[in-house]
Amino acid sequence: MEFLTEEVVYKKTPQQLTALLYEGLIESVEEAIASTKKGDYIHANKRLQKANDILRRLGVGLKYDAGIIAHQLDALYNYMAERLIDANVKKDVAMMEEVLTIAKDIATAWNEALKKQPTTNVAAKKAAAYEQFIMTE
């Protein structure tokens, strides 16, 4: 995962930011699994809380007018969050691994879709809009 500065984040498209959230989700769950296996439940708890925070952010970012897929993703994010809460309480690695598998599948599909769409530079769009405004004055 690349080091994220404010400048880097502003240059990302919403789709690229979503891909970064999926990376963070996967990384957090992987760390929680490793920590749980070592018996470091405090660190595992922190990583699972971060994973749930990411799932919440992914849910907030859904555009429901985009169709049924948004509703399906919302249900899936909620399911994953509930499983992570249960896994945290029970210290159940299998539940965490289930969520990890789902997250990896979604991330893979998302990244494949990103490859098929032209990328746009948000900063360039903002600069062009600003220049157009200046030119009309």
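In this predicted model, Lys104 and Glu30 form a salt bridge in which the closest N and O atoms are 3.5 Å apart. Lys104 belongs to helix α5 (residues 93-116) and Glu30 to helix α2 (residues 14-38), so this pair ties together parts that are 74 residues apart in sequence.

The side chains of Glu31 and Arg47 meet in a salt bridge, with an N to O distance of 3.0 Å. Here, too, distant parts of the chain are linked, since Glu31 lies in helix α2 while Arg47 lies in helix α3 (residues 41-60), 16 residues apart. How accessible are the two partners, buried or partly exposed? Glu31 counts as partly exposed, at 28% relative accessibility. Arg47, with a relative accessible area of 15%, is buried, because the limit for a buried residue is under 20%.

Salt bridges with shared partners join Asp53, Arg56 and Arg57 into one network. The count of salt bridges in the model comes to 7.

The nonpolar interior is the second topic. In soluble globular proteins, nonpolar side chains tend to be buried together. The largest nonpolar core of this model has 28 residues, and the members that touch the most others are Leu25, Val29, Leu55, Tyr77 and Met80. Helices α2, α3, α4 (68-90) and α5 each supply at least two residues of this core. Which helix gives the most to this core? That helix is α5, with 9 residues.

Met80 illustrates how such a core residue is surrounded. Leaving aside residues up to four places away in sequence, Met80 touches Leu25, Leu55, Val99, Ile102, Ala103 and Ile106. Two of these neighbours, Leu25 and Leu55, are themselves named with Met80 among the core residues that touch the most other members.

Technical notes: Residues numbered from 1 in each chain as written. Predicted model: local features only at pLDDT ≥ 70, side-chain atom pairs only at ≥ 80, totals over all residues. Heavy atoms only, no water. Salt bridge = Lys/Arg side-chain N within 4 Å of Asp/Glu carboxyl O. Helix = DSSP H or I, 4+ residues; strand = E, 2+ residues; numbered from the N terminus. Buried < 20%, exposed > 50% of the residue type's maximum accessible area, 1.4 Å probe, protein only. Core = buried A, V, L, I, M, F, W, Y, C linked by side-chain atoms within 4.5 Å. Contact = heavy atoms within 4.5 Å.
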